[in-house]
Amino acid sequence: TVCTYCGVGCSFEMWTRDRHILKVQPVAEAPANGISTCIKGKFAWDFVNSEKRLTMPLIRENGRFREAGWDEALDLVARRLIETRDKYGADSLGFIGSSKASNEEAYLTQKIARLIIGTNSVDNSSRYCQNPATKGLFRTVGYGGDAGTIADMDKAELIVVVGSNLSENHPVIASKLKAQKKHRGQKWVVFDPRKHEMAERADIHLRPNSSTDMVWASALSRYMFEHGYADTEFLGARVNQVEEYRKSLEPFTMDFAAEVTGIAKEGLIEAAELIGQADSVCLLWAMGITQHSHGSDTSTALSNLLLVTGNYGRPGTGGYPMRGHNNVQGASDFGCLRNTYPGYDSVTDDAVRERWAKGWGVDKETLPGEVGEGNFLMVQAADKGELKAMYVMGEETAFSDADTNNVHEAFSNLDFLVVQDMFVSRTAQFADVVLPACPSVEKEGTFVNTERRIQRFSEGMPPLGASRPDWQILTELA
């Protein structure tokens, strides 16, 4: 099976007897992790048999939940969703898929939204954590995923880590890089206000003021042009609008960057020299960059720095946004986004709509042609009374979204809310119907890890009680 705790995508054998997990055993041929696992992937599976697991559908009556059978629950959900669509229009409904569910389940979520309901208001949690990095990569290199593999990070002469506590959040990748540093002398530059383990081990640790990363990244790009470190051959052959970009860097002098970021000019120059002289550079960034109001622009600046120095398209190079959830890449790849079909086909492209309509056996006009609302915008629309119903799958929106009070008011304002989850979460407490789903060890499917590797996971034990795999719930609902 495949671990569900982060985007590394560790695979291992899970030994079970009845409902007991006896051991988690990594195998040498595991492509992402080999014989490594972290403490979460090896031991943190007690929730599978938790007494708090949902085992029956719940329907709210007179302000309280009661248990119900699957037929009653699904009939109610289907009827209320269709009634809402028919009364208020397709865009009065919103769907939030799960970045911890499988690729197949992400595909089904967006298919129900687009094909049956007729709305592009479908999204997943990557809107907050990974979509800014994805957008920055689409702007600069045309594809929203890691540029290479974990093996490329191992090969790099220099690793640049920005806003990522790698040793805690992606410990298996961190351990691989520690080995490279110890045995091969791999160099590290870390930009982070915090002095975490990666920063302590770094050759250079620079602590920028919060939210100023775009400034130093742009200043370093300007430095590369001015000091002969720009890869002019690479830029001439493979990159558009180089001169326009170079002109845009005029304000970003080292003096300006030092003033804004709080990093000493000498430190910035030292980092720039190390990056400019390295034969191969991998740049890793995470939530310290993407969870900002200008996360997309900073991700763009970081990717542009790699382009200026020719650190794309070769072994040991590239940009690597470290994916948080185990399938945040796959949920987006398989179309659980407000603006793209699976494979990042634009929903506003008539030719794309025609192709998908033909594949699904419907008329093109059945499929909506306007970009839908994302997670945050759905909640805002619900607060205004514009969104009438939502279907939330495996996302703790009521707990994790910004401005919690506003989110709670928005959920209370909905005519109908369905939550599909393993527990009565904070979000489920606002639901009209709660559908009991299964963890990965009780179903099968595929995930996409941070390096874009598709891996299959298998069922280790049957679903608990009357809970069902998400794909089965979605298929029967459809």
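How many positive and negative side chains does the protein have, and how far apart do the centres of the two sets lie? The protein has 51 positive side chains and 64 negative ones. The centres of the two sets are 3 Å apart. Lys and Arg count as positive, Asp and Glu as negative, and His and the chain ends are not counted. Each charge is placed at NZ of Lys, CZ of Arg, CG of Asp or CD of Glu.

The model is predicted: local features need pLDDT of at least 70 and side-chain atom pairs pLDDT 80 or more, while totals for chains, interfaces and linings use all residues. Residues are numbered from 1 along each chain as its sequence is written, and side-chain values use heavy atoms, without hydrogens and water.

The protein contains 22 helices and 18 strands (DSSP runs numbered from the N terminus, H or I of at least four residues for helices, E of at least two for strands). Its radius of gyration is 24 Å, close to the 23 Å of the globule rule for 478 residues, so the protein is as compact as a globular protein of that length. The radius is taken over C-alpha atoms, and the rule is 2.2 Å times the number of residues to the power 0.38. The C-alpha atoms fill a box of roughly 70 × 50 × 45 Å along the principal axes.

Of the 478 residues, 56% count as buried (under 20% relative accessible area; exposed is over 50%, partly exposed in between; 1.4 Å probe, protein chains only). The largest nonpolar core holds 45 residues. Such a core is a set of buried Ala, Val, Leu, Ile, Met, Phe, Trp, Tyr and Cys residues joined through side-chain atoms within 4.5 Å. V160, V162, F191, W216, L220 and L268 touch the most other members. Helix α10 (residues 213–226) gives the largest share, eight residues. Apart from this core lies another, of 33 residues, including A32 and M322.

Beyond its neighbours within four places in sequence, W216 is in contact (heavy atoms within 4.5 Å) with V162, F191, P208, A257, T261, I263, L268 and L302.

S92 lies in the loop between α2 (70–88) and β5 (93–96). At 2% relative accessibility, S92 is buried. Leaving out residues up to four places away in sequence, S92 touches T84, E386, L387, K388 and A389.

N304 belongs to helix α16 (residues 295–308). N304 is also buried, at 15% relative accessibility. With residues up to four places away in sequence set aside, N304 touches T140, S221 and Y245.
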